[in-house]
Amino acid sequence: YEYICVLSISLPLYLVLDALSAAVTAFCPQNYASGNNKRVLQFITLTASVGILYGIFCFLIHILFGKAYFGMLFDDPVIIAYGVSYWFWQGLGQPFVSMMYTLRFFLDAVGQSKLALLSGVGELIGNLLCAFWVIPSFGNIGASIAQPLGWMLGGMWLISAFLYVRKKVLT
């Protein structure tokens, strides 16, 4: 019961990432179509960098304010400890999810949507790994790790796809 209490408590941090992905969607297709590859590469580098920095900022928000935030919501120290742990692991995944927001939309914008969809494969593998091994082995902490592990594997796939596409498409 205590762990379930903290699972639905999150911060509205994804609005900035939505704005970054919308900027990629608005900027990249027409510049790519007109052959401004250098401009597209500069823009996606800037956007991904801002996204990663924002993801690090979100991680810091999660780890610095988790105890205070859950302490305001609950009196039970067990629930507060679960909340702090849950937010730590969710925060750790924030830089990866920010990469996924920008790079997935970039790949769509340059006509590589099949590569963008495969980031979901990384997420699926991470979640399956947690479902069949990490959660049974580590319990609640394993459940907290599932989503960030999926984001990490999906983000790693997108970085590889970006490096491949960058050489193939943007040169």
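**Aromatic pairs, a nonpolar patch and cysteines**

The structure holds eleven aromatic pairs, where rings of Phe, Tyr and Trp (its six-membered ring) pair if their centres lie within 6.5 Å. Planes under 30 degrees apart count as stacked, over 60 as edge-to-face and the rest as tilted. This is a predicted model, in which local features need pLDDT of at least 70 and side-chain atom pairs count only at pLDDT 80 or more, while totals for chains, interfaces and linings use all residues. Residues are numbered from 1 along each chain as its sequence is written, and side-chain values use heavy atoms, with hydrogens and water left out.

**Aromatic pairs**

- Tyr 14 and Tyr 101 form a stacked pair, with 6.1 Å centre to centre and 10° between the planes.
- Tyr 14 lies in helix α2 (residues 14-33) and Tyr 101 in helix α5 (residues 94-109), so this pair ties together parts that are 87 residues apart in sequence; helices (H or I, at least four residues) are DSSP runs, numbered from the N terminus.
- Tyr 14 counts as partly exposed, at 28% relative accessibility; buried means under 20% relative accessible area, exposed over 50%, and partly exposed in between (1.4 Å probe, protein chains only).
- A tilted pair is formed by Tyr 54 and Phe 57, with 6.0 Å centre to centre and 35° between the planes.
- Tyr 54 and Phe 57 are separated by about one helical turn, because they are three residues apart in helix α3.
- Tyr 54 is buried, with a relative accessible area of 15%, whereas Phe 57 is partly exposed at 44% relative accessibility.
- Tyr 69, Phe 70, Phe 74 and Trp 87 are linked into a cluster by ring pairs.

**Nonpolar surface patch**

- Leu 53, Ile 56, Leu 60, Ile 63, Leu 64, Phe 65, Phe 88 and Leu 92 make a nonpolar surface patch of about 710 Å².
- Helices α3 (37-73) and α4 (77-92) each supply at least two residues of the patch, and α3 gives the most, with six residues.
- Phe 65 has its place in helix α3 and is partly exposed, with a relative accessible area of 47%.

**Cysteines**

- The structure holds zero disulfides, a disulfide being a pair of cysteine sulfur atoms within 2.5 Å.
- Cys 58 is buried, with a relative accessible area of 1%, and Cys 130 is buried, with a relative accessible area of 0%.

Key
Patches are made of residues with over 30% relative accessible area and no salt bridge: like charges are joined within 9 Å, nonpolar side chains (Val, Leu, Ile, Met, Phe, Trp, Tyr) within 5 Å. Accessible areas come from the Shrake-Rupley method with a 1.4 Å probe; for residues, only the protein chains shown count as cover. A salt bridge is a side-chain nitrogen of Lys or Arg within 4 Å of a carboxyl oxygen of Asp or Glu.
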